[in-house]
Structure formats: C-alpha cells, structure tokens
Amino acid sequence: MRSNLTLFIGLTLIALLTMLAVLAPVLATHDPAATNADKWLQPPSSEHFFGTDRLGRDVFSRVLYGGRVSLAVGLLSTFLSLGVGTLLGLVASYYGGLVDVIIMRVADIVLVFPSMLLALTLVAIFEPALWLVILVIGGTGWPSVARLVRSEVLRLRQSDFVASARLLGAKNARIVWQHLLPNAIGPVLVAATFSVPAAVMTEAGLSYLGLGVQPPTPTWGNMLRDAQLYLRYAWWYAFFPGLFIFLTVFSFHLTGEGLRQTLGLSQTARRNWRAGS
Amino acid sequence: MLEVKNLQVGFNEVGKIKWVVKNSSFSVSAGEILGIVGESGSGKSMTALAIMGLCPVDAIVQGQLNFQNRKMNFAQRDAWQELRGVEMGMVFQDPTSSLNPLYPVGQTVAEALVFHKKMPLEEAKKETEKLFTSLGILPAAVRARQYPHQLSGGLKQRVMLAAAICCKPKLLIADEPTTALDVTVQAQILNLLTSYAKGENSALLLISHDLGVIAQTADRVLVMCKGVIVEEAPVLELFKKPLHPYTQLLINSLPRLDRAVQLKTEKSEIVINGSACLFAGRCRYCRQICLQVEPKIKAISEKRRVCCHFPLF
Amino acid sequence: MIPELGRRFMQTVIVLFGVSMVTFLLMHAAPGHPLQTNPELRLDPTAVERWLQLHQLDQPLISQYLAWLSRVFRGDFGESLLYNRPVLELMGERLPSTLLLTLTAFVLALFLAIVVGIKIATQQNSWLDRFVCTLSLAGISVPYFWLAMVLVLLFAYRFPFLPAVGMRTPGDGSILDILKHMLLPLIVMVIANFARYVRYVRSAVLDVLQQDYVRSAIARGLKGKDILYRHVLPNAAMPIITVAALSLPMLFTGAMVAEYVFAWPGLGRFIVTSTMARDYPVIMTVNLYTASLVAIANFIADALYLLIDPRLR
C-alpha cells in the first residue's frame with residue numbers, strides 16, 4: 001500500500017512536470033526570450049508568477065521552457081546509457097573471457113573517473129552544446145548499467161530455469177532474448193529511474209558552471225548561474241528554477257523507490273530483531 | 001515442565017489473519033524427548049519459535065505458556081530475555097548461516113558464558129574448550145580459534161549445540177538439527193542431543209520432517225499438519241498403530257525395501273469449505289462429515305490423542 | 001588474499017595508466033589549441049607557432065605522451081600554461097583548504113549516517129524511519145548549488161549572521177573566522193552526503209539483521225546492544241566501507257561545485273577555470289590526482305575487508 005502510494009506520487013509528479021514542459025508554448029504567459037528593460041528584477045506578481053530576471057524576462061515562462069531542455073537531456077542520455085550499458089553488459093557476460101575483461105576494465109576506468117570531471121574535460125575540448133551534454137552524461141552513465149546487467153545475467157545463467165531451457169535444446173540467442181533479458185529488465189528499469197535524475201542533476205550542474213547548455217536557451221542550470229549574482233536582491237530568480245530541478249529529481253527518485261518496493265527488490269526485515277532489543 | 005495451551009500463531013494478510021499454528025496444546029516434562037513431525041509449512045518451526053519468544057515481529061501470537069511454573073505472556077516479548085540462553089536454548093537447521101562468519105567459533109560460546117554467568121573471559125575460554133572436548137570438537141583449543149568457514153557442517157552444528165547448552169538450559173529445542181548434514185554425521189548429533197537431555201534431565205523438543213530421526217530419538221511424538229496437531233503418541237505405539245490417516249500416510253511413505261512406496265501426492269480438490277477437516281482433501285477415508293465438520297482433538301487413551309472423526313484401529 | 005591485494009593494486013595502477021592515456025588523447029586529439037579558447041584574442045601566427053614549439057605541442061601525440069609520462073615518473077608534472085608556474089605548486093596552495101572542507105564533510109556525514117542509519121534500521125517502518133527515509137530521498141534530490149544559494153539567502157542575507165563567501169575575512173586569520181566561513185559550505189556538503197550514506201547504512205544493517213546468526217544470537221539470550229555491536233555492525237561494515245570508498249570521487253566533484261558557489265579558495269574553482277582555458281598540464285595532473293585518490297580509497301577498502309573478514313584471509 002505504502003509502496004504504491006510512493007509510486008503514485010512519483011509518477012503523478014513526473015506526469016505533471018512533463019506536461020508543463022510539453023505544453024510550455026501554451027502555458028507560458030510571456031515569450032521566454034522577450035526582454036523588458038523597465039521591468040527587471042520584479043518580485044512575483046499576478047502578471048509574473050515567478051517574477052522577472054535581470055533583463056525583465058518572465059521567470060515562469062523561462063522555467064517552463066527550461067524544463068523541456070532538462071527533461072530532454074535526462075531522457076535521451078538515459079536511453080543512451082541504458083542502451084549502451086545493456087548491450088555491453090550482455091556481451092560481456094555472455095561471451096566472457098577476454099571480451100568480458102576488456103569491457104569491464106573500460107567500465108572500471110570510466111567509473112573511477114568522476115563524471116563531472118570528465119564532462120569538464122570534454123566540454124573544454126569541444127564547444128559546450130546540448131548534444132555534447134547528452135553524450136557526456138550518457139557516455140559516463142553506462143558502466144553501472146553494464147555491471148548491473150552483467151551480474152544479473154551471470155546470476156540468471158546459473159539458475160535452474162536457464163539450465164532446463166538449455167537441456168530442452170534452446171539456442172544461445174533464444175536464451176539471451178527469451179530468458180535472460182526479460183528477467184534482467186526489472187533491475188535495469190529501476191536503474192533507469194535513478195539515471196534520469198542523475199542526468200538532470202549533472203546537466204544542471206554543468207550549465208550552472210557555464211559548461212552546459214549555453215544562453216540564450218533557458219535551462220534551469222544556466223538560470224541559476226544568472227541568478228547567483230542577484231541573489232541578494234531577487235530571491236525568486238534563483239528559487240524557482242532550483243525548486244523545479246529538485247521536484248523533477250525528487251519525482252524520479254520517488255518513482256524508483258516505489259518501483260523497487262513494488263517489484264520486491266527492496267528488503268524488509270520481518271525477522272525477530274525486536275525480540276531482544 | 002513446559003506446558004503450551006491453545007497456542008495460535010498468525011500473520012496479518014490484507015485484513016485477514018492467516019493462522020500457521022492453530023489451537024495447539026501439549027506439554028513436555030523434564031528429561032523427556034518430544035518429537036514434532038510434519039511436512040514443511042505444517043507450523044512446527046513456528047511452534048518452536050513461539051516457545052522461544054522468537055516469532056517474527058509482525059506475527060500474532062496467542063495462547064498460554066507455562067514454563068517451570070512461570071506464566072509467559074506473548075504480548076511481553078522482553079520477558080523471554082532472561083530465559084533465553086539460560087533456561088531455554090535452541091539449535092537451528094543451518095549451522096553455516098547461524099554462526100557469525102567474522103567470529104572465531106569459540107568466541108560464540110565464550111560470549112554467552114561471559115554474558116550469562118558473568119565469567120571472566122579467560123575462564124570462559126577454558127570452559128568453552130572443556131565443552132568442545134566433551135562434544136567431540138577436537139582438538140578443542142585449535143577449533144575454538146577457527147572461523148566457521150574452516151569447519152565442516154557437523155562440527156559447526158556441534159558448536160551451535162555447545163553455544164545452546166553452555167548454560168545448561170532446562171529446555172532445549174532443536175529445529176531440524178540434522179537436515180543440513182550428512183547422514184553419517186546425523187546420528188552423532190542426535191546422540192549428543194539425547195545424551196544432553198538424559199544427562200542433565202532436560203526437556204528436548206526435537207523438530208524434524210524425518211520420521212526416521214524421530215523414531216530413533218524421541219520418547220513421544222506430535223504429528224502436525226497444516227498448523228494443527230493431528231496426533232500425539234508414545235513413539236513405539238505411533239509406528240505400530242497410527243491413529244490418524246495422515247500419520248499412516250507419513251509412515252507408509254517411508255522408503256522400504258520390501259515394497260514400493262505408495263504416495264498419494266495429488267490433491268483431489270473436492271470442495272473444501274472453511275469448516276472441513278484440514279486433511280480431508282488428501283484423506284482416502286474421507287466421508288461426508290469430514291467435509292462439513294472440523295474434528296476436535298480428543299484423548300483416546302491416557303497417552304494418546306488424535307484429531308480425526310474416524311481414527312484408524 | 002595478500003597476493004590478491006597485490007593483484008588488485010596492480011590492476012588499479014593499470015587503470016590509472018589508462019585514465020592518463022585517455023585524458024591525454026582526448027585532450028590532444030581535439031581540434032585547436034589552448035590559445036584559441038579566447039576568440040577575441042588576435043595573435044600573430046608566428047608567435048603562436050613559437051609558443052606551441054616552446055611547449056612541445058607541435059610534436060606527434062605519442063611522443064608528447066611519452067615525454068609527459070617520463071616527466072611524471074621523475075615527479076615533474078609540468079608548468080601551468082595559464083599561470084606559468086609549476087602545477088604541483090599551484091595545486092599545493094589550494095589543496096589544504098579543499099581537504100579541510102571535504103574531509104570534514106566526509107567524516108561528519110559518514111558518522112551521522114552510521115548513527116542514524118543504525119537507529120532507523122533497528123526500528124524499521126517506525127515513524128522515525130519513514131521520516132528519515134523520505135528526508136534522505138529529498139536530500140539526494142536537492143541540487144547542491146541551489147541548496148547553497150538558499151542557505152546563503154537565509155543565513156547571510158535575510159538573517160545575516162554568517163559570511164556568504166570566501167574562507168577568511170581579510171586581516172582576520174583566527175580559527176573562529178575560518179570556522180564561520182566554513183559552516184555554510186560544510187552544511188551543504190554534509191546534508192547532501194548524509195542523505196546518500198544513510199540509505200546505504202540502513203540497507204546494510206537491515207540486510208544483516210535478517211541473517212540467521214542474528215537470530216541465533218538472540219536465541220542465545222544476548223541483549224540488543226551486544227548483538228548490535230558485536231554481531232550486526234562488524235558484518236554491516238563491509239558494504240558501508242565500499243560505499244564510503246566509492247563515493248570519494250563523488251565527494252570530490254561535489255566539493256568542486258560547493259567551492260564554486262561559496263568562492264572557497266580550493267581546487268574546485270581552480271579546476272573549472274583551468275579546464276575552460278585548456279591548461280593541459282593542469283587538467284592532466286588533476287585527473288591523475290583524482291584517479292589516484294579513488295584508487296587509493298579502493299585499496300584501503302580492500303585492505304579493511306581483509307582485516308575484518310576471515311574468509312578472505
């Protein structure tokens with residue numbers, strides 16, 4: 001019951017935030033790029049729900065449009081890391097031997113490396129751009145997925161139902177697609193609900209440092225960067241974009257948590273601990 | 001010495017309570033070995049845990065328990081704290097997972113001695129070695145310093161036994177103590193259990209799914225099926241003259257050389273409503289009344305009870 | 001296991017080597033060079049040529065890499081292209097303040113997480129447990145830098161009793177002053193990391209609580225505290241150590257952002273500006289430094305396992 005509630009709140013929040021992003025052109029009260037020199041740094045009012053920024057742009061509308069970028073980055077980079085990770089994990093676990101060693105060593109190297117630092121390095125080499133941000137986040141996220149898939153497959157391969165499938169004469173490809181992949185999908189799905197918020201967070205961090213998506217495209221991260229200088233005078237400028245980052249990340253984490261409990265992947269100690277304590 | 005009356009253990013499952021032990025009453029006296037036999041899920045382990053006050057935290061436990069003239073209340077779990085380890089001890093099924101992997105095995109026993117008898121550690125270690133020697137964990141001084149993964153299953157179970165009896169409890173519960181062990185080791189462990197019970201005049205509650213183990217060891221037997229005690233009898237009489245069809249089924253399913261095993265495994269799911277006899281679906285003597293009225297346990301003689309409308313013999 | 005430890009260490013060295021090579025290749029394979037990062041700078045092409053030659057940036061990649069590697073083995077990490085000073089010197093100036101902040105945050109967050117994590121694991125599903133779980137989920141969802149801004153807004157601007165940025169007030173070198181400056185960044189980092197750790201500690205402890213050896217310890221009559229400290233915690237320590245070790249790089253990048261927000265004079269800001277300016281020697285050294293940090297943390301974790309778990313010895 002409680003797990004379903006967590007899942008429900010998480011999914012509802014995600015749906016709501018996605019809707020806001022998708023319907024941004026309809027919902028926005030102002031053109032997110034329209035400047036207004038007379039009305040800069042206005043506090044929230046009935047005309048500007050979230051106030052205005054240093055150029056008199058409507059923060060509410062910019063937050064809506066910023067959500068599109070954040071969600072796009074989150075989803076696309078997750079697809080990338082899940083796709084690459086699942087594929088490499090399957091290949092490594094299935095073929096084993098040298099292939100396994102090489103893939104897992106590379107995964108180790110990428111894992112050891114703080115992704116933020118790698119992102120910094122890559123962004124410094126190429127120009128900061130949306131596609132690069134997606135590539136970097138997706139490209140650093142795959143090792144944990146690959147590890148997960150690999151260990152899951154190795155575990156399943158030992159299981160009796162795979163052994164019996166093999167005894168019945170199933171071919172390798174059939175075993176992978178019919179037995180291993182469907183069973184490994186649960187944990188991977190949960191991994192996805194942790195990967196999206198991580199990507200959203202990394203994008204925001206990079207943009208905040210000025211290394212992510214560049215202005216004038218509004219993102220939550222680069223709005224925060226802008227807002228920092230005016231923090232003393234205009235709390236709303238920084239407050240709302242950050243609040244939306246938080247809500248987005250939180251909703252995915254809630255979903256992941258709920259999903260884990262619903263799929264029975266989380267633990268419950270119904271044993272007798274309280275007996276003696 | 002131990003008297004259990006109307007014990008019930010259940011779990012809350014979406015608004016409905018599912019009982020795994022139903023209305024069970026029995027008693028054990030000092031020096032007696034009581035065997036509880038039944039298939040997996042028959043509630044025998046849960047009965048043992050309830051006596052130890054070790055049921056899962058979300059379990060609903062009801063009934064009365066008199067232990068050495070003390071009335072225990074299942075609502076007060078803390079009351080068991082002073083009994084466990086001192087007055088009652090327990091040996092579990094799997095010695096490998098029941099020993100802390102990071103501790104030398106001697107420490108497991110010494111720890112209990114220090115805790116319960118307030119012994120200095122050095123003395124407790126010596127005591128542990130003595131106990132190890134008497135239980136055949138040899139050479140004791142070496143074994144005491146070894147870790148669980150360095151010992152065989154049989155030795156580990158001996159260590160568990162040592163830890164359970166180091167304070168000479170008056171009640172020892174052994175829950176499937178030999179199931180995880182080789183057959184050759186099985187007899188040795190059972191011997192140790194028996195000699196402890198007889199030597200210290202302690203009650204021993206031996207739980208097993210294996211009739212052979214029970215036949216070798218127990219003085220008296222309870223047969224459990226689906227959370228209910230269906231038959232109680234002295235061990236010899238039980239094997240000679242089983243009164244309950246379920247007991248008969250169990251005995252007949254023992255592999256023998258002189259005939260093929262007859263097992264009725266298929267569950268003929270005749271409409272069984274809530275008030276039917278629990279065994280009705282698998283009973284070959286099942287009649288109309290069995291499907292309508294649940295039998296109550298009744299005494300047949302001084303030492304025998306059975307829970308059946310039509311006891312055999 | 002000792003040879004295993006050596007093998008693991010060699011593997012880490014190889015991984016480090018890989019990190020350095022990948023960084024180097026990526027950096028140098030990219031089009032352009034450091035002088036082009038500022039498009040407004042109009043440079044004389046022959047001067048650029050001379051500059052590139054001076055820093056040996058016109059040579060083939062492989063020889064550049066080998067030259068760099070051989071210098072590193074002699075302890076020479078090169079000079080910053082931006083500051084014209086040895087990289088080690090520049091990093092050395094900034095490292096202490098980063099370590100002060102990061103390590104304090106690490107120790108505090110881990111300590112709090114262990115205390116709270118154990119507490120809530122032993123009372124799973126209590127209101128405290130649910131409260132902390134929800135809060136920690138929120139904690140891992142909140143962006144560091146935004147939390148920092150909100151705190152600055154509250155405690156430096158709205159109720160101004162803490163400084164917003166920097167590490168010390170000019171002309172005031174007292175420890176108290178540094179502590180005051182450190183408080184806000186520390187709070188941010190502790191919150192963020194505590195939220196992460198407490199979830200791991202809780203799940204590690206829960207995992208152990210379900211083990212058979214905990215139940216058998218209860219059956220031996222040990223008290224809750226003894227079981228917790230002697231049986232549960234040593235076994236739960238392993239996953240906690242793993243997480244602590246693996247989280248070091250995360251802590252490091254987290255500190256980078258926190259330092260950026262609070263203008264803390266540590267490595268964080270330095271790394272961001274150097275990277276933007278494509279200061280090759282600095283980037284290489286920073287990457288290598290981080291990678292070795294991680295490798296060392298992993299090595300220590302392995303060594304600790306060895307100390308705790310007899311099965312690995």
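Ala124(B) is buried, with a relative accessible area of 0%. Here, buried means under 20% relative accessible area, exposed means over 50%, and partly exposed lies in between (1.4 Å probe, protein chains only). This is a predicted model, in which local features need pLDDT of at least 70 and side-chain atom pairs count only at pLDDT 80 or more, while totals for chains, interfaces and linings use all residues. Residues are numbered from 1 along each chain as its sequence is written, chains are lettered from A and ligands numbered from 1 in the order in which they are written, and side-chain values use heavy atoms, leaving out hydrogens and water.

- Ala124(B) sits in helix 4 of chain B, residues 121-134. Helices (H or I, at least four residues) and strands (E, at least two) are DSSP runs, numbered from the N terminus.
- Leaving aside residues up to four places away in sequence, Ala124(B) touches Ala110(B), Leu113(B), Val114(B) and Met119(B). Contact means heavy atoms within 4.5 Å.
- Ala124(B) and Leu171(B) are 47 residues apart along the chain, and 22 Å separates their C-alpha atoms.
- Ser207(A) belongs to helix 8 of chain A, which covers residues 172-208.
- Ser207(A) counts as buried because its relative accessible area is 1%.
- Not counting residues up to four places away in sequence, the residues that Ser207(A) touches are Gly212(A), Val213(A), Thr219(A), Gly221(A), Asn222(A) and Arg225(A).

**Chain C**

- Chain C has 12 helices and 0 strands.
- Along the principal axes, the C-alpha atoms of chain C fill a box of roughly 85 × 60 × 35 Å.
- Of the 313 residues in chain C, 53% are buried.
- Take the contacts in chain C with a separation of 6 or more: 73% of them join residues 24 or more positions apart.
- Chain C has an accessible surface of about 14500 Å², and carbon and sulfur atoms hold 68% of it. Accessible areas come from the Shrake-Rupley method with a 1.4 Å probe; for residues, only the protein chains shown count as cover.

**Chain A**

- Chain A has 10 helices and 0 strands.
- The C-alpha trace of chain A spans about 80 × 55 × 40 Å along its principal axes.
- Of the 277 residues in chain A, 53% are buried.
- Among contacts in chain A with a separation of 6 or more, 70% link residues 24 or more positions apart.
- The accessible surface of chain A is about 12400 Å², with 66% belonging to carbon and sulfur atoms.

**Where chain C meets chain A**

- The contact takes 58 residues from chain C and 48 residues from chain A.
- Together the two chains bury about 5100 Å², 73% of it on carbon and sulfur atoms. Buried area is the accessible area (1.4 Å probe) that two parts lose on being put together, summed over both.
- Phe145(C), Trp146(C) and Met149(C) supply 13% of the area that chain C buries against chain A, more than any other three residues.
- Between chain C and chain A there is 1 salt bridge. A salt bridge is a side-chain nitrogen of Lys or Arg within 4 Å of a carboxyl oxygen of Asp or Glu.
- Arg199(C) and Glu257(A) form a salt bridge through their side chains, at 2.8 Å from N to O.
- The side of chain C that touches chain A has 35 nonpolar, 15 polar and 8 charged residues. Ala, Val, Leu, Ile, Met, Phe, Trp, Tyr, Cys and Pro count as nonpolar, Asp, Glu, Lys and Arg as charged, and the others, Gly among them, as polar.
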